[in-house]
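Here's a quick briefing to read with the structure open beside you. Have a look first, then work through the notes by topic.

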Amino acid sequence: MLDICEIFVSIQGEGWRQGTSAVFIRFYGCNLRCKFCDTRVAFTKKQSMDEKEIVEIVRRLSRKYNNITNIIITGGEPYLQDFSNLVLQLKLSGFFVCVETNGTIWREIPLDWICVSPKKSAKKLLQQGYDKRFKDVANEFKYVITGKHDFSFIDSKITKPVILQPVNNDLKIALMIFKQIKKCSMPNWFLRFQIHKLMGIL
Ligand code: SF4
C-alpha cells in the first residue's frame, strides 16, 4: 500500500520537460518543511491505495485525456515510500515514468526521468542537500532561488542540466539569476519560470 495525496492531469509546469501534459501522482508526506513550499496539501491529504488501484486510475485518466503516456510521481517526497513496484507496473503498461524528489532519500528505482531538487533545509542532513548517489542517475537538477545567498548552495560540479527557478516567478529574482548565469558562464544552468502558475493553474 502507498499513501497518496492526489492523482490528477495537468501540464508539467517546471523544469526541463515543462510544457508536456502528464498524469501526476502526488505522494503524501515530506521529510522537509521548506518556507516556500507550494504543495503543503501533501502534508495533510492522505489516502492509502495499492499499486493496482493507482495504475487503474492512471489508465482511466490517460484514456480520458487523449492517451497521455507521461506520468509524474511527485510529492511531498515520494522516496519516503518504496514505490518501485508502482513504477514497474506503470512501465509494463507502457507509461514513461518521471519523478520529482528533494534527493535526500536514496532508493534504486528504475525510472525514465529523475528530477532532483535539492533544498537548503536538507543541509543539516547532507552537505550539498542531496544524496550523491543521485548525481549519476538524475536527468536534471532544479533549484528554487529566493535570493543571491542561494547561488552558493548550487552544486557547481553537476554536469546535468541545472534549472534555476525564481521563487513565485519573481521577476527581480529572475533577473538576478540571468545575471548570475552570465557571470558564471555555466553552460548547463538554465533560467525557467513555473509556467503553470503563469497560466493560473495551481
Ligand atoms: S521538499 Fe518540496 S514538498 Fe517538501 S517541503 Fe520542500 S518544497 Fe515542500
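Two residues are taken to be in contact if their C-beta atoms, placed from the backbone, lie within 7 Å. With that in hand, Arg 26 touches Cys 5, Glu 6, Ala 42, Thr 74, Gly 75 and Gly 76, once residues up to four places away in sequence are left out. Keep in mind that this is a predicted model.

**Positions flagged in UniProt**

- An unreviewed UniProt entry puts the feature "binding site" at Ile 11, Gln 12, Gly 13, Arg 26 and Thr 74.
- Arg 26 sits in strand β2, and one of its contacts is Thr 74, another position on that UniProt list.
- Is Arg 26 buried or exposed? Arg 26 counts as buried because 20 other C-beta atoms lie within 10 Å, and 20 or more is what the label takes.
- Ile 11 belongs to strand β1, which covers residues 2-11.
- Ile 11 has 15 C-beta neighbours inside 10 Å, so it comes out as partly exposed.
- Setting aside neighbours within four places in sequence, the contacts of Ile 11 are Gly 19, Ser 21, His 196 and Ile 201.

**The nonpolar core**

- The largest nonpolar core holds 41 residues, and Ile 25, Ile 71, Ile 73, Val 97 and Cys 98 have the most contacts inside it.
- Strand β2 (residues 21-27) is the top contributor to this core, giving 5 residues.
- Take Ile 71: beyond its neighbours within four places in sequence, it contacts Ala 22, Val 23, Ile 25, Val 58, Leu 90, Phe 95, Phe 96, Val 97 and Cys 98.

**Strand pairing**

- Strand β5 (residues 96-101) and strand β6 (residues 113-116) run parallel, paired over 4 bridges.
- Across that pair, Cys 98 is opposite Trp 113 of β6; Cys 98 is also among the core residues with the most contacts.
- How many bridges join β6 and strand β7? These two pair in the parallel sense over 2 bridges, with β7 covering residues 140-145.
- Cys 115 has Glu 140 in β7 as its bridge partner.

Technical notes: Residues are numbered from 1 along each chain as its sequence is written. This is a predicted model: local features need pLDDT of at least 70, side-chain atom pairs count only at pLDDT 80 or more; totals for chains, interfaces and linings use all residues. Two strands pair if DSSP finds at least two bridges between them. A nonpolar core is a set of buried Ala, Val, Leu, Ile, Met, Phe, Trp, Tyr and Cys residues joined through C-beta atoms within 7 Å. A residue is buried if 20 or more other C-beta atoms lie within 10 Å of its own, exposed if 12 or fewer, and partly exposed in between; C-beta atoms are placed from the backbone. UniProt positions are given in the numbering used here, feature names are shortened, and annotations may be inferred rather than shown by experiment.
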